[in-house]
There are 4 protein chains.
Amino acid sequence: MELGMIGLGRMGAAMVRRLLRTGHRCVVTDVRREVVEELHGEGAVGAFSLEDLVRQLKAPRAVWLMLPAAVVDGALEQLVPLLEAGDTLIDGGNSYYHDDLRRAARLRERGLHYVDVGVSGGVWGMERGYCLMIGGEREPVRRLEPVFTALAPGAQAAPRTPGRDGPPTPAEQGWLHCGPNGAGHFVKMVHNGIEYGLMAAYAEGFNILRHADVGMHRHATDAETAPLRNPEDYQYAFDLPEVAELWRRGSVIGSWLLDLTAHALRGNPELSEFSGHVSDSGEGRWTQAAAIDEGVPAPVLGSALNQRFRSRGQGDFADKLLSAMRFEFGGHLEKKGGG
Amino acid sequence: MELGMIGLGRMGAAMVRRLLRTGHRCVVTDVRREVVEELHGEGAVGAFSLEDLVRQLKAPRAVWLMLPAAVVDGALEQLVPLLEAGDTLIDGGNSYYHDDLRRAARLRERGLHYVDVGVSGGVWGMERGYCLMIGGEREPVRRLEPVFTALAPGAQAAPRTPGRDGPPTPAEQGWLHCGPNGAGHFVKMVHNGIEYGLMAAYAEGFNILRHADVGMHRHATDAETAPLRNPEDYQYAFDLPEVAELWRRGSVIGSWLLDLTAHALRGNPELSEFSGHVSDSGEGRWTQAAAIDEGVPAPVLGSALNQRFRSRGQGDFADKLLSAMRFEFGGHLEKKGGG
Amino acid sequence: MELGMIGLGRMGAAMVRRLLRTGHRCVVTDVRREVVEELHGEGAVGAFSLEDLVRQLKAPRAVWLMLPAAVVDGALEQLVPLLEAGDTLIDGGNSYYHDDLRRAARLRERGLHYVDVGVSGGVWGMERGYCLMIGGEREPVRRLEPVFTALAPGAQAAPRTPGRDGPPTPAEQGWLHCGPNGAGHFVKMVHNGIEYGLMAAYAEGFNILRHADVGMHRHATDAETAPLRNPEDYQYAFDLPEVAELWRRGSVIGSWLLDLTAHALRGNPELSEFSGHVSDSGEGRWTQAAAIDEGVPAPVLGSALNQRFRSRGQGDFADKLLSAMRFEFGGHLEKKGGG
Amino acid sequence: MELGMIGLGRMGAAMVRRLLRTGHRCVVTDVRREVVEELHGEGAVGAFSLEDLVRQLKAPRAVWLMLPAAVVDGALEQLVPLLEAGDTLIDGGNSYYHDDLRRAARLRERGLHYVDVGVSGGVWGMERGYCLMIGGEREPVRRLEPVFTALAPGAQAAPRTPGRDGPPTPAEQGWLHCGPNGAGHFVKMVHNGIEYGLMAAYAEGFNILRHADVGMHRHATDAETAPLRNPEDYQYAFDLPEVAELWRRGSVIGSWLLDLTAHALRGNPELSEFSGHVSDSGEGRWTQAAAIDEGVPAPVLGSALNQRFRSRGQGDFADKLLSAMRFEFGGHLEKKGGG
């Protein structure tokens, strides 16, 4: 079928390529003229303005936005006047599902459909296919099925769950109509919340392995630092790349994130090229907000998020206050330039 | 080669079966006579006492213990007098690596070798193969290679990590000599620590999805309970089995644990047959203890462990103390039989 | 001076009593006629409707609402038409500061002032005085100083901080104009967030003391439960009421919450009359939301909140999912009715 | 009565001074000759070796060690041969209670008594008195009552708990015989575990207040960083020293730690002289270890400990691994020298 794509960044461009491969007609645009031209060279129809893009699509149109969450509203403002009743707008970025609800309501007033799609797969999606979590009305979602099918990995991407039979459901192919508007980004939000937790679990585990040699080093003895009681128990110098590789086979903790970890550690076991200042793109925060609104505990996901904040120095003042209190009651000096 | 196996529970029996398939000679025993006979019927050599087992193995012997951690020391006490210098004892259970260090030292005095093996794979291991994390001296480990190779899943169990070439390393086949004694169970301990974290991440995420319908329900309005400010944002009734299935394909959070989750949810989306009193077999605790000794943060793994303790009611007194304080300062009544 | 008070619950009635003692004229109302009459009997002017209350106050009026957060907007809707430009509305309840911002803007359009006051002190406030955290415009806050001074504990309530001199600041008397609208409830919100953290710290500590006798009890030995390695280290039967009492003198952890804990434990060391289902009135949640918006880590406060959610059974499904996964990979049965 | 004191650091010297005031005879020693002389000048009997100290005490002797935990065993080794049956050794430092159990058993073989005393009070103890948590046999503890009474703050240090009557118990005076050997340091250990939790709760709360101005600053807009959705809600520039002062009066969260916080913030609201690398002297770790052994959840105390580890850079490798994973799946660059 025919799809307009606005936003040809890492994700948008790769998705267009995957769609082109399966014969879909893609009309594409981006603020960077050169990427439009590049995709034009690969078979897409290039458009150099929103007007141009809309003009080259036949009604009822399907226009997919693949933009940073912060600029989606601006893009919609420009785009909506160009569209006509019956057209469908798809937001495939990392929008907060609250925004989906608001946008869908406003577009509905103009006869436009809105579909929110959470997309997972990262830079590997072009080859592996994308996992698509979809929210919106039944009819426009149904019309987009060929696009979803082309983008999704397909049923063969994972062994069938024992007990399932009959033709594979959409979820078994890697896409799912999760519910009304917002449902797609809600599920994607929780997906990323889980992702943070999984990542942190591996990171903490490997950090423990890495410091298993702490008994080999000499440590200061003073009243303020706990001496290691049993240095003889921490004499291990583990080969982290090999451990990561090992766990990929037969273990309970095998996963795609572990596959990637094995690759990263193999390249540089020290990971010395990374700053360790870890970004968060919103979903981890929103997952916590949802858990809080729902009143359900999510301590693991919350810890993972907090560690990202800490990695960026956002806990420094709290640490200083701890030092200050220790100085107040115990005269412990944790001054700058000291230990 | 030839291996003695003591302990024919869920894990031990399955490992024997996998070894028999690849032509190894297994002499097996267990306190339950019927399981010995069962495995005898499948090709193993049955032994009805430790003496019997030792007698049927040629020196230098390799005897694998697959027993609950709490009874290993008792078994060793009986077994050691029966062995002779050069024999090797393998502990494949969930022992604490501190015990490995102690045992290895004592066995060494008698000329015996000790090899600790952390085994992951669960009830699926017989088919999938077992991930083996091994600690001990180089020589006895080397001698056991045929056994490790037979038990491990083999290189084809996961796609090769890009950038690796040459013949697959042992880790790529699913077994690894991680270091000196204790190293195997240390790595297994951290493996299980990570496992707890991963499991909790999924569990919390699905719990958030499950409660995304909280806005559909009416709630009490009083000064002590926070009203849900935005019920319109929590109107989703997600199909959890389909979401689990969806995430198995193309998403960043695909894993074997997710495969199992999809299977479990498909069987009963309410999971109503489970008590939710979650056991912990020690490694999660020991992982925390190691992190603390090393002085490294492990908040996600710690949270996961704490949730298991809570699931078993071990936090009840703390909760009551919170209720008591609230009553003291605010007159809030959270009495039994009330809300 | 003269103050109208709407809402004569636990907090509102006590505040009126404290104001009456210092000679302020209070016009009071409540939906429950009997409490109006009761306070009338103690010197307040009773009003049996909002109209009645407004009529009995001289412009520019000061009307204090002491209501559950969920009904404040409704009360304002009725009240605002009765007021005239220059009047001031004070919300002393547990409102979310976002609501303050919204309300203040709308009242400003009608020439009304809005002051948000976070009040701490609980049922003890009538005697001890209330800690008042205040947000709003400078002028109406200034006019209310006599009320704040009467409600606050006064400078003598705590020893002066070394290094401070001159006349005590308002903060040293127990009230503070924290900033523009919302600032009062923001500071109160964080105050309560901290409160949750402090309470949980004590609760966890006493729970650890309480279980220090775990080595005296016999435990099951199986592969799924970690045996206690060192029962000889857990042979203590602590007298919790005496420990709480002890820590009140000379220790670093002395606090008012500990005073209350000592009282509660003295009454019933088992706390058996409490359900342990711990409410949360919103501020703990909002504190987390603020930390997340700001991107600052707050793991201790977050843990404390999560434990409250758990205490109310909101983590049960997550626990069941853990049980389900353990069954899937390990065949571990954590079924209902079992162990 | 008569007491020998070994170790005249910050704590030991101040305790001697407090004992001298109440007329106790103190024989004191330290490796630093000058502090012995200084206390000699204040009325203590100076001793310049352990032999000298023992010689100047009449049997049955009471010798108090106030030393870093790591050197106590060494001191005992030298001291024990000098003592005679019936003498009592008191360890008032931060020993792990496991060590108490071991030491008490060994000293008992030689007819010596061992008393473990957890001491709280910090540099303020000389004036305020010390909170004393005591473990050991009944008889030697009874003999030391005059010392405990002199060191403890006394009953007047806190208002009496309502409902208590009769003569004040020892706990009401600030000392308590908590149980057999190890009980004193066990209770002190949990005390410090709680202390970490309380400190972190305040630190996190003040950090949230401090960042309440985040909406005043401009932030980058890209796909990887969550934009602040509601900058208008974060326009507060709070006066932290005044807030700390405010909460000291009438609020639920008043405490001695808050008193100290108010003092620290008043001196320098930015706390810029502190490094924020927060030490931990062992008890926080051991509290976690105890919670884990007991199988009770302690997530708040655990979080507080983890933050200290993080403050010292011990989580850096885990952070880098998160960056590495993000690069692997999303091409997100969090390289050194970048953002």
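Mentor: A polar contact is a pair of N or O atoms within 3.5 Å, where within protein one atom must be able to donate a hydrogen and the other to accept it, and where residues adjacent in sequence count only if both atoms are side-chain atoms. This is a predicted model, in which local features need pLDDT of at least 70, side-chain atom pairs count only at pLDDT 80 or more, and totals for chains, interfaces and linings use all residues. Residues are numbered from 1 along each chain as its sequence is written, chains are lettered from A and ligands numbered from 1 in the order in which they are written, and side-chain values use heavy atoms, with hydrogens and water left out.

Trainee: How many residue pairs are in polar contact between chain B and chain A?

Mentor: Between chain B and chain A there are 43 such residue pairs, both residues being at pLDDT 80 or more. Helix 10 of chain B (residues 183-210) gives the most to the side that touches chain A, with 17 residues, a helix being a DSSP run of H or I with at least four residues, numbered from the N terminus. Sorted by class, that side of chain B holds 52 nonpolar, 26 polar and 15 charged residues.

Trainee: What makes A:Glu245 and B:Arg164 a salt bridge?

Mentor: The term asks for a side-chain nitrogen of Lys or Arg within 4 Å of a carboxyl oxygen of Asp or Glu. The closest N and O atoms of A:Glu245 and B:Arg164 are 3.1 Å apart, so the pair meets that definition. Between chain B and chain A the count is four salt bridges.

Trainee: What area is buried between chain B and chain A?

Mentor: Buried area is the accessible area, taken with a 1.4 Å probe, that two parts lose on being put together, summed over both. For chain B and chain A this comes to about 7,800 Å², of which carbon and sulfur atoms give 65%. In chain B, the residues that lose the most area to chain A are B:Ile208, B:Arg249 and B:Val252, together 10% of what that side buries.

Trainee: Why is C:Ile194 called buried?

Mentor: Buried means under 20% relative accessible area, exposed means over 50%, and partly exposed lies in between, with a 1.4 Å probe and protein chains only. C:Ile194 has a relative accessible area of 0%, and is therefore buried. This residue lies in helix 10 of chain C, and C:Ile194 touches, among others, C:Leu301, D:Tyr202 and D:Trp247, not counting residues up to four places away in sequence; contact means heavy atoms within 4.5 Å.

Trainee: Why can one say that chain D and chain B meet through the same surface?

Mentor: Of the interface residues of chain D, 100% are also interface residues in chain B, so the copies meet through the same surface. Their contact takes 20 residues from chain D and 20 residues from chain B. The area buried between chain D and chain B is about 1,500 Å², and D:Ile292, D:Pro297 and D:Asn306 supply 35% of what chain D buries there.

Definitions and conventions. Helix = DSSP H or I, 4+ residues; strand = E, 2+ residues; numbered from the N terminus. Nonpolar A, V, L, I, M, F, W, Y, C, P; charged D, E, K, R; others polar.
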